[in-house]
Amino acid sequence: LASYHVIQWIDGSLEMLDQRVLPHQVVYLQFNTPVEVCGAIRDMVIRGAPAIGLSAAYGMALAAQHSLATDKSEFFRELIAAGKILSSARPTAANLTWAVERILRRLESSKQEPIDRLKVIALDEAKAIDYENEQMNRQMGLHALPLIPQGARIIHHCNTGPLATGAYGTALGVIISAHQHGKQVHVFVDETRPRLQGARLTSWELKQCGIPHSVVVDSASGYLMRTKGINLCLVGCDRIAANGDTANKIGTYNLALVANAHNVPFYVVGPTSTIDMSIPSGDDIPIEERPITEVTQIGDFQITPDDIQVENPAFDVTPARYITGIITDRGIAYPPYKASLSRLMGE
Ligand code: MRU
């Protein structure tokens, strides 16, 4: 699929593609400590919920591999501290704490093993998460196939492809899978202000896959639905609450409202690692506020007057009632989501 890798464990260090400088430069950076990986997540070297989870898993493996601890309680203290640092990088994506907790649980269940063996176990678990992530991406693409009509015209928000997941993608993975199965599609790519993940990253990925698309401004969706015969909207997700309320990139909620007003199906695509059954509704999802310079500047160029008030919420929550279906690796959940998600999650 891609001529680049997003995240790769190489000889005891973690290599990641620097997404801040795409599409103009392809630059790989190396990371050797959980603190460095935390910085990379915070600064958006790596982004997208599943890719953040993957980098956190390898961040934990770095903590284990480079630990100098000679007794086991010290080793565990170091790993718990690394987990806290990594989890603090960004608040909204469920996959981050999911991955950290999974590595810690695996180590805890092997605590009778010597430290050298625990180091191997942490890395093996990160690699298992990586492998399962790819399988989950494939499954979402296959489950969604019947929902994509031949000739589909699709609106997509943010970036949800290989860059955001380290594998095929969530919403974009569905589109890539449909394309690979012979469906002709045209994708309207929301540019996704303020960081322009759509214009910079999604368009770059679609171009490499040879998938026809047009970049549009985020506010074009109403016009497109009235005039361009849109068949469906596909978006990713950063955290899904037990009732189906879904946090995703800012602007997703607006898109869902416009889709509802035009009776256009609105699907959320995400792996089960993004579903957080401990959170009853979207009201409890933490929403990240990012630096205001993302809004006041384009690159280094300031577009607003000096000294004004700005808000920059990075995500919003789409209430479950506006979501037609949630496409996961274990199948498609339909309303009422409390029951369908519980079934999918085996709870
Ligand atoms: O701030 P970002 O770029 O990490 O936000 C990414 C998104 O909102 C994606 O839509 C989301 O992570 C889900 S799909 C992989």
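For the classes used on this tour, Ala, Val, Leu, Ile, Met, Phe, Trp, Tyr, Cys and Pro count as nonpolar, Asp, Glu, Lys and Arg as charged, and the others, Gly among them, as polar. The model in your viewer is a predicted one.

Begin at the largest pocket, which has a volume of about 470 Å³. Select Pro-194, Arg-195, Arg-200, Ile-298 and Gly-299, which are the closest to the centre of this pocket among the 18 residues that line it. Then colour helix 11 (293-296) and strand 12 (297-298), the elements that give two or more residues to the lining. If you colour the lining by class, you will find 7 nonpolar, 4 polar and 7 charged residues.

Next, select the ligand, whose space is the largest cavity. Helix 2 (49-65), helix 6 (162-165) and strand 9 (246-249) are the elements that give two or more residues to the shell around the ligand. Of the 19 residues around the ligand, Arg-47, Ala-49, Arg-90, Asn-248 and Lys-249 come nearest, and by class the shell divides into 7 nonpolar, 8 polar and 4 charged residues.

Now show the side chains and look at the oxygen atoms of the ligand. For Arg-90, an N or O atom of the side chain is 2.8 Å from a ligand oxygen atom. Turn to Asp-238, where a polar side-chain atom lies 2.8 Å from an oxygen atom of the ligand, and then to Asn-248, which also has a polar side-chain atom 2.8 Å from a ligand oxygen. Finally, show the surface of the protein around the ligand: of the 410 Å² of accessible area that the ligand has on its own, the protein covers 100%.

How values were computed:
Residues numbered from 1 in each chain as written. Predicted model: local features only at pLDDT ≥ 70, side-chain atom pairs only at ≥ 80, totals over all residues. Heavy atoms only, no water. Near = heavy atom within 4 Å. Polar contact = N/O pair within 3.5 Å; in protein donor to acceptor, adjacent residues only side chain to side chain. Areas by Shrake-Rupley, 256 points an atom, 1.4 Å probe, with all protein chains shown as cover. 1 Å grid on protein atoms, 1.4 Å probe; cavity = no way out; pocket = protein on both sides within 12 Å on 5 of 7 lines; lining within 4 Å. Sits in = over half its atoms within 2 Å of the grid points. Helix = DSSP H or I, 4+ residues; strand = E, 2+ residues; numbered from the N terminus. Points joined across faces, edges and corners; volume = space filled by probe spheres on them.
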